[in-house]
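The following paragraphs go through selected parts of one structure. Please keep the sequence and the coordinates at hand while reading.

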Amino acid sequence: MANIKILLIYDDRIDLMDIMHDLESFNYEVLFVSSGSEELINKIGNIKPDLILMDIFLKEDMDGIEVAYNIKELDIPVIFLTDQVEESVMEKALETDPYGFLIKPVDKTKLKFTIDRALLKRKMDIKNSKQISLIKAINRILKESITCESAQDVAKICLNVAEELTLSKFGFIGELNSSGSFDTLAISDPGWDECIMPDTRVVKLISDMKIRGYWARAIKNDESVIVNDPVSDPERLGEPEGHPRITSFLGVPLKQEGKTVGMIALANKESGYNKEDQNAIETLSFTILEALNRKKSEITLQRNEERFRAVAESAIDAIVTTDVDGKIKFFNKSLQKIFGYSPDELTGSPLTILMPERNKNDYLQELKRFKKSGKHRLVGRVVETIGLKKDGTEFPFEMSLASWKSGKKTFFTSIIRDLTEKKAAEEKLKWSDKRLQMGMEMAKLVYWEYDIENDLFTFDDKFYSLYGTSAKKEGGNQMSSQEYAERFIPPEEQDLVGIEVSKALETEDPDYSSTLQHSIIRADGERRTIIVRIKIKTDENGKKIGTIGVNQDITELKKAEEALKESDQLLSDIINFLPDATFTIDAEGKVISWNRAIEEMTGIWAEEILGKGNYEYSLPFYGERRPMLIDMVNASEDEINKYYPKLKRKGNILTAETDVSLNRNIETVWALAVPLYDSKDNFKGAIEAIRDITKMKESQRKIERELKEKEMLLKEIHHRAKNNLMIISSLLNLQSSYLKDKESQDIFIESQKRARSMAIIHERLYRSTDLKKIDFRDYIQSLATELFHTYVDDPSRLQLKINVDNIFLDVNTAIPLGLIINELVTNSLKYAFPNGKSGEIDIDFHKKDDYYEFTIKDNGIGFPEDLDFHKTDSLGMQLVNSFTDQIDGKIELDRRNGTKFKIIFKEPVF
């Protein structure tokens, strides 16, 4: 550690030699100064040690505390040496922010430990300072870029921040254009001030620059470039006349999706650039690119309202947003359900309609206080209160409140959870133990207690489980505060935790509570994030004896928040690169966004049209200035019909198909336009998406022609099938007339009827508009009526009742089912009512859920008891069984009160 310089400011030379000897044994470079005058201050400034060991009490005219005050700006760590521990002196010394105290005579081990700890803390402070500077730089870019009017203004802010961060004199930011050259977006103000070239020449030089020279390596190689001796660089081209001389250079590529799209360049840092400068600007480059992209497209400036609404509407808890006047601006369905109001009753109403009368004044007073101070006592807290439903019922609920801004306007969003069931459960359980009550109120939390007098924490196994260990492994349920901190809290966060714990120990407020978020390191080495909630513990006399609290692991929540941010960024990228040509106008008709797809469609780049109005955007489509669909979102029907007679409107969404002239070709496009409103429903503009559907329309017409041809062919097939079946029926009829045997004659007649039943199906199909499905109600009516007149000589003795739903069946199901009906109806007509007996035949066909049920029953003589219809020589019943199997159906026979056949089946998917 010989490179560590330690300065001793010490008056006692006897002790001094011992300390110097100890320090040198630690391999430190030791310097000694004994004076306490102003000369001492100058010496310290010249020496610039890494650490100062200084006695609090010096014999000169300035004591150690005064010296520490005077050198505070030098930012050198100080460790005080003292042989007294007076409270007033220590308090005064602490105001100088020392890095430690050592009591004389100094123990060698403590000396080494205190110095090592101070040097480590100093190293961490420097690292944190740089990170804080970087975070401030990022926040400044994100904050200030919101109010910029152009990407050039954003680039100037980014350059200003980068220059301050790296102590650069000037710089520039630019992007690659479509031809592969470099366009400068902005040069920092110091850069313009130092340039003495004529403006006309500068403007020509900074646009469409060739990618060459040492600065171009950042773009060519996709990695940062540091050149601290430009004159000796082999790729140096030299500065143009009038350009300030470059003494050092840092170039960092701007990358999007892994591809370099531009760069930021900084120049003339006096000490030259180093790796830390490079890392800082590389980290900053993501924010720079984000700010530039956000300004180029207004879409990325808006939160995705549809996504928020989808999340909100899916939430079980009620969500409500109000303005600073307490007027309801947004709510989800859960809020309506919990409070019993309709959307119209909630929209624009004061939030006080959800409160009992006794709570309204406190709420309104808090709003007034917020308007004056900008602070709201409930923001960031979870509180329990009482709600009032529309029917007058009061109920308990838990609420968390957050405030947020949109532009210059402030809004409050509350998440409300109905505690009715929870409170009822708590009443039943009658928890008497305070520790258990806290556990119930704070679900999924681990409990702890701290005893001030004995400096002991008490934990249970649930607590230890959160930390990846157990009471047995830790040697018991108790642990000192120092052991806990060293065991589980990262070193860099121990001071933060210590400060918060000190507040709880020092307060005299018995109702004091605080919340702290920090990291822990589990026993297995895993780093996780927790929230700690602390309350004061008192004895029966109200005396503070310790603290109690709960810890909650929020690691997954933090990961979810990070994932959501990544998802938001991904969604923004997707919208920015929509495949449909998309552009947006403001309320004055000026173009505010023009995406890549519309650039490709029209050949007009966004830079050429952004900010232009007077229907400039219609020229590439119609060759003239005229309203487009985007201008019709608030137009009257007469005005719309003048330009788009075939327009369709659904709510505030307009769609239309129209012919346009693109690149001298007549193309058919489909367009969709939607108005844009702000949070107060003020019209802010509109957005239109355009899709070239020329080829799709041509394909559609071709398909329609081919389909019509196939329909005609299919009709012809069904017509011929019907004719052939009718010919077969006629031949069977003729042949039967030559038969003398009655049994043979009946067989021919039944075969004729079977052919006839199939012919009817084909006849229905070729007459139908649907060539694959048949109206089965009409078919059953025709077939049953024809069979009735064939087999019944005296229609007055039989009643035929048909009760059939309006069912359409596929031809593959209709044909076998038609033959089944033919056989069963024929059987009833021929055999159920012998010797002129009268009766009734019922035919029912219905769809029930996902299956069909066909029933035919008669009140005739009944089906023979000794005959198994599954095993019979009858051709008709054999056909019925076979066709039932063909349609994967199930047939049932009921012999009570006549004969009843029921067939249940599902129509197959062909």
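Strand E4 (residues 78-82) and strand E5 run parallel and are joined by 4 bridges; strands are DSSP runs of E with at least two residues, helices are runs of H or I with at least four, and both are numbered from the N terminus. Two strands count as paired if DSSP finds at least two bridges between them. Across this pairing, Leu81 stands opposite Leu102 in E5. Strand E5 spans residues 100-103, with Gly100 and Leu102 on a covered face and Phe101 and Ile103 on an uncovered one.

The model is a predicted one, in which local features need pLDDT of at least 70 and side-chain atom pairs count only at pLDDT 80 or more, while totals for chains, interfaces and linings use all residues. Residues are numbered from 1 along each chain as its sequence is written, and side-chain values use heavy atoms, with hydrogens and water left out.

Helix H3 (residues 64-70) contains Glu66. Glu66 is partly exposed, with a relative accessible area of 35%; buried means under 20%, exposed over 50%, and partly exposed in between, for a 1.4 Å probe and protein chains only. Lys92 lies 26 residues from Glu66 along the chain, and their C-alpha atoms are separated by 9.9 Å.

Helix H28 (residues 776-791) has 16 residues and reaches 22 Å from its first C-alpha to its last, close to the 22 Å expected at 1.5 Å a residue; the expected span is 1.5 Å times one less than the number of residues. Its buried residues are Phe776, Tyr779, Ile780, Leu783, Ala784, Leu787, Phe788 and Tyr791. They lie on the same side of H28 because they cover an arc of only 155 degrees around the axis, taken from the directions from the helix axis to the C-beta atoms. At the N-terminal end, Asp775 caps H28, with a side-chain oxygen 3.3 Å from the backbone nitrogen of Arg777.

A search of the whole structure finds 1 cavity of 30 Å³ or more. On a 1 Å grid over the protein atoms alone, a cavity is a set of points where a 1.4 Å probe fits but cannot get out, and lining residues have an atom within 4 Å of a point. The largest cavity has a volume of about 60 Å³, the volume being the space filled by probe spheres set on the points, which are joined across faces, edges and corners. Its lining includes Phe621, Tyr644 and Glu688.

Key
A polar contact is a pair of N or O atoms within 3.5 Å; within protein, one must be able to donate a hydrogen and the other to accept it, and residues adjacent in sequence count only if both atoms are side-chain atoms. On a 1 Å grid over the protein atoms alone, a cavity is a set of points where a 1.4 Å probe fits but cannot get out, and a pocket is an open set with protein on both sides within 12 Å along at least five of seven lines; lining residues have an atom within 4 Å of a point.
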